[in-house]
Amino acid sequence: MRRLILILGILVLVLSLGTTALAQDAMTLTVLRFFGDCVDDFGDVTDLSGITSECGIMTVLTNIWNEEHPDIQVETIVADWPGTTQLNAAIAAGTPPDIAVLHGRRIPIYASRGALTPLTDVMEAVGIDASDFTEGAADYGLYQGEFYGVPFDLAATIWHINLDLWAEAGLVDDMGAPMLPTSVEDFVSAAEKVHAATGKPIAEMAGQAATVRSLTAYIYQLGGALADDAGNPTIDTPEALEALNFVLELQDLGVVSRPYNEINGAIAVENFANGESAGLIDGTWRINGFDRQIAEGDVALKNYYVADFPQLFDNPGTFAGSHNWLVPLGQNADPARVQAAVSFIKWLSDNSVVWARVGHGMTRSSVINSEEFQNLPHRAEYASMSQNVRSVPREVWGNAFWAIVHEEVEAAVLEIKTPEVALADAQARLDDFVLFQS
Amino acid sequence: MESVPSINQLGAQQAEREKQQTRRNLAITAAMSLFAFIWLIPIAWTLSLSFRPEDSITANLTLLLPVPFTAENYDFVFSSSRIPRWFLNSLIVASLRTFLQLMVCSLAAYSFARVRFPFRQTVFYFVLIGLMVPGQATFIPVYLLFSNLKLLNSFPALIVPGIASPFAVFLLVQFFKGIPIELEEAARLDGASRIGVYWRIFLPLSTPVLTALAIFTFLGTWNEYLWPLVAATDPEVMTITIGLTNLTATTYTANYGETMAAAWTAGLPIVGFFFVFQKRIISGIQISSGIK
Amino acid sequence: MAAIRKAGFRLSKIERQEALVGVVFILPFLILYVIFNFLPILQGFWISLHNWDVIGTNVRFVGLRNYEILFSKDKLFWSSLEHTLFFALLAGPGLIVTGLALALMLNQRVRGIGIFRTIFYMPNILSVTVVGLVFARVFAPGERGFVNAVLSSIGLEPIAWFLDEANAMPTIAITKVWWSVGFNMLIFLAGLQEISQSLYDAAKVDGGGRWSLFRHITLPGLRRPMLFVIVLQLIASVQVFPLIDVLTGGGPAGSTRPLVMYLFERSFDYWQLGYGSAIAFVMFVFLFSISIIQLWFFSRGEGN
């Protein structure tokens with residue numbers, strides 16, 4: 001009996017040694033990401049030319065990596081957007097993926113719980129130059145001064161413009177660029193001109209999300225902040241009230257957006273493509289989609305221009321989210337594994353200019369200054385976006401902040417609550433949240 | 001005035017009654033058709049969308065006719081070589097779960113409905129507890145369980161948690177209680193065992209409700225989202241609902257055409273399944289006639 | 001006396017055999033049930049006594065603190081409960097009455113009846129995602145919506161279906177009835193099969209009208225399926241979430257947020273799995289008490 005156990009033990013030992021030896025031969029990294037599944041179209045493709053969809057670019061980048069790095073193979077798990085359901089379950093079970101993509105604002109809560117691997121030193125070791133990140137962009141990957149995520153892009157709120165309708169209103173200059181408003185008065189008079197000439201709104205909001213993003217942008221432009229010095233959320237502020245009142249005023253004028261389109265983003269996007277609005281406030285991620293629709297010639301939109309989010313108050317400021325690559329292996333992860341993971345992330349980051357084809361802003365100065373980037377469609381039109389972006393405060397309440405502010409601002413937009421009450425309610429709920437976490 | 005009707009008169013009356021019956025049937029069919037037409041509009045719309053190019057959908061979404069017509073959405077869906085695999089996975093998972101659930105739960109339901117054992121009512125209430133807690137509150141513990149068993153990304157993970165359904169037991173108990181006790185007593189007197197009564201009397205007599213339950217479970221498993229999303233991320237065991245969602249998901253747009261084509265691709269077999277089995281719901285053995 | 005006791009003992013031996021059979025029959029079910037349903041529920045209760053991040057970090061025993069917060073100062077919990085009950089009140093009777101009506105209508109031997117049954121059942125096969133996509137547009141506001149397009153073509157004002165606090169929940173309930181009444185229809189159809197045709201024949205001989213047949217034979221004959229549908233509909237309505245999530249996301253301004261959505265937000269968006277579990281447990285106690293009362297109410301006067 002004992003001999004049997006001994007033999008079994010040796011067998012297990014040999015087998016496990018064998019498998020570790022095998023594992024050392026080729027390391028397999030799992031990547032949990034959203035952006036969809038398009039293996040059928042791009043499964044064997046290793047040529048990036050002509051590919052402009054998020055899913056296609058990501059799949060082909062991974063294929064190229066796997067071809068060039070037989071020692072570190074990358075295996076993709078497709079997650080549902082925004083990627084948290086599977087990630088949370090996997091972390092809870094102690095079987096996290098080696099790499100995951102998340103929006104930067106979600107980093108603080110994971111990092112504060114020790115679920116993410118600190119990356120600052122590894123990034124340096126692998127050769128990611130942190131000083132290459134633009135000032136606004138670097139913030140998205142940081143928590144308490146340490147990098148936990150590598151910011152891959154900037155998905156900013158911008159102003160999609162139908163030049164033909166602006167021209168009808170006499171708002172296009174000799175160079176063929178729209179005359180963008182730079183103050184509240186400017187904006188209102190431009191909106192009235194467009195409305196008078198075409199009967200259409202100057203800038204529809206692509207859903208409630210765009211309204212809230214605009215609101216935060218205006219708060220920044222007014223010199224306000226979303227957190228106090230102690231890092232607690234602040235939304236019931238004079239700047240927020242002024243910004244919210246401005247948003248509501250525009251709505252009351254009847255020349256901007258119809259409230260129902262503010263809620264239903266999809267309708268606003270269709271309206272813009274169909275030439276039923278002169279502008280759309282929405283993200284960078286729509287740019288190549290509109291370009292493709294125009295190229296195929298099936299939509300009323302013909303002359304399409306991409307402008308920065310309007311600066312109507314004293315300070316520059318616009319909203320952006322950022323997709324970040326992170327290593328959810330915890331704080332005491334195997335250094336070799338972490339290094340391999342970060343080297344893949346570095347490779348993605350080095351090739352991020354391809355990702356910019358989607359329309360997203362870039363996070364690295366070297367990429368932004370590259371010729372390839374500058375030559376992408378529309379880039380000159382919204383060039384200052386990367387400098388103006390402001391990250392959500394790097395605090396653990398980042399997630400709750402969006403959900404709560406969305407709901408309360410919607411109440412104000414639909415006139416269910418007065419702006420004052422809406423902001424006070426939002427503040428009370430945020431305070432509750434912070435209190436609960438403590 | 002009331003005379004005995006002649007045979008001729010009787011025949012005329014019957015003909016009149018039949019005429020009335022036919023007219024009534026026609027009226028019913030007409031009413032049902034109208035109602036069914038309205039009922040179908042949203043479904044017809046999904047079908048139409050699945051045959052329209054996306055840009056035309058953008059321009060005019062609320063169009064009931066697929067003009068211009070295209071099959072490109074289906075091309076897209078069927079271009080995936082993995083679809084047959086996912087289809088098979090869904091078929092295996094849904095069929096096995098449905099079959100096992102029907103067996104396990106009907107046996108338990110028979111016991112709850114007809115066999116006397118101590119604390120029967122208490123145990124029954126204990127089972128009902130399972131109905132009262134939403135799945136969203138328990139899927140993390142179940143996930144951790146399968147993770148500890150190293151059974152994630154396997155068919156058992158997709159099949160087993162749904163087998164013991166308090167819902168099914170509750171439903172079947174209600175129907176089993178309605179089966180006349182005399183039938184069972186007669187069979188017992190003839191020497192049938194409990195299992196024999198269950199197998200030869202209760203199961204056949206419950207064809208309508210068992211079919212309804214089978215359709216419900218099969219469908220629920222086929223369309224299940226949250227659990228397979230976390231439990232089966234490996235394309236080898238992925239179900240078609242998750243696979244198609246991944247295929248048609250783009251982060252920012254609805255993609256009506258492809259989504260609807262995917263929905264019809266995944267849903268058509270179930271419509272067929274239903275059409276075939278609904279007959280059993282009505283033409284199940286007419287148990288009660290002749291008894292009582 | 002002794003004879004009776006003796007008889008009692010003899011009976012109890014048969015009873016023991018009977019009990020053994022009963023237990024063996026429920027055993028496969030019970031084992032699976034305990035592992036995959038009951039233990040997770042117990043674990044959920046245990047979690048509800050903690051601060052517990054959804055990823056399993058920051059675990060701290062807090063006793064009944066979550067319940068205390070829930071009952072003393074969580075306005076959203078109470079408003080979610082209110083929305084949930086409002087939904088149950090709208091959708092529940094709608095689903096039962098429509099389901100019964102459809103079953104009666106389709107329980108006839110008319111040519112092509114199978115096609116009709118398939119049609120009325122068909123919405124049930126759609127996944128919640130598809131229903132959401134479709135009905136967000138069927139009831140879209142402005143003139144982009146299906147119903148509104150019809151309304152304005154006959155000269156009526158468009159209605160802000162999902163965007164109006166007063167309309168949103170009824171619109172959700174209508175969608176719910178369309179989507180899932182097919183299942184109730186099946187259950188009632190199956191129930192109608194259990195009613196003996198001879199009962200109707202006898203009553204017809206006695207000259208009973210259609211209403212009287214329905215009132216005195218059909219309805220009593222459907223007592224058990226009815227009990228099932230009513231109890232289940234209440235439970236399902238109180239647990240409504242995915243449908244509302246895809247149709248309104250709980251809006252406008254949180255006015256249609258149901259309990260399970262709130263539970264989900266707290267557990268998964270806010271990471272407060274402990275608090276979310278407390279909500280689930282309170283829901284459970286509420287549902288269990290009501291269901292037991294319903295069952296008791298229905299089983300009064302029943303022999304066993």
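In this predicted model, 92 residues of chain C are in contact with 97 residues of chain B, contact being defined as heavy atoms within 4.5 Å. Local features need pLDDT of at least 70 and side-chain atom pairs count only at pLDDT 80 or more, whereas totals for chains, interfaces and linings use all residues. Residues are numbered from 1 along each chain as its sequence is written, chains are lettered from A and ligands numbered from 1 in the order in which they are written, and side-chain values use heavy atoms, with hydrogens and water left out.

The size of an interface is often given as the accessible area lost when the parts come together. Chain C and chain B bury about 8800 Å² between them, and carbon and sulfur atoms account for 77% of it; buried area is the accessible area (1.4 Å probe) that two parts lose on being put together, summed over both. On the side of chain C, the three residues that supply more than any other three are C:Phe25, C:Phe29 and C:Glu194, with 9% of the area that chain C buries against chain B.

One salt bridge is found across this interface, the term requiring a side-chain nitrogen of Lys or Arg within 4 Å of a carboxyl oxygen of Asp or Glu. The side chains of B:Arg194 and C:Glu18 form a salt bridge, at 2.5 Å from N to O. Chain C and chain B also have 13 residue pairs in polar contact (both at pLDDT 80 or more). A polar contact is a pair of N or O atoms within 3.5 Å; within protein, one must be able to donate a hydrogen and the other to accept it, and residues adjacent in sequence count only if both atoms are side-chain atoms.

Several helices of chain C each supply at least two residues of the side that touches chain B, among them helix H3 (75-106), helix H7 (165-193) and helix H13 (273-299). H1(C) gives the most to that side, with 21 residues. Helices (H or I, at least four residues) and strands (E, at least two) are DSSP runs, numbered from the N terminus. By class, the side of chain C that touches chain B has 66 nonpolar, 16 polar and ten charged residues; Ala, Val, Leu, Ile, Met, Phe, Trp, Tyr, Cys and Pro count as nonpolar, Asp, Glu, Lys and Arg as charged, and the others, Gly among them, as polar.

Within chain C, the domain assignment gives domain 1 (14-66) and domain 2 (75-127 + 168-303); domain bounds come from an automatic or database domain assignment. The C-alpha centres of these two domains lie 26 Å apart. The area buried between domain 1 and domain 2 of chain C is about 890 Å², 76% of it from carbon and sulfur atoms. In domain 1 of chain C, C:Phe45, C:Val54 and C:Asn66 lose the most area to domain 2, together 51% of what that side buries. Between the two domains of chain C there are zero salt bridges.

Chain B is likewise divided, into domain 1 (7-70) and domain 2 (78-288). The C-alpha centres of the domains of chain B lie 31 Å apart, and the area buried between them is about 650 Å².
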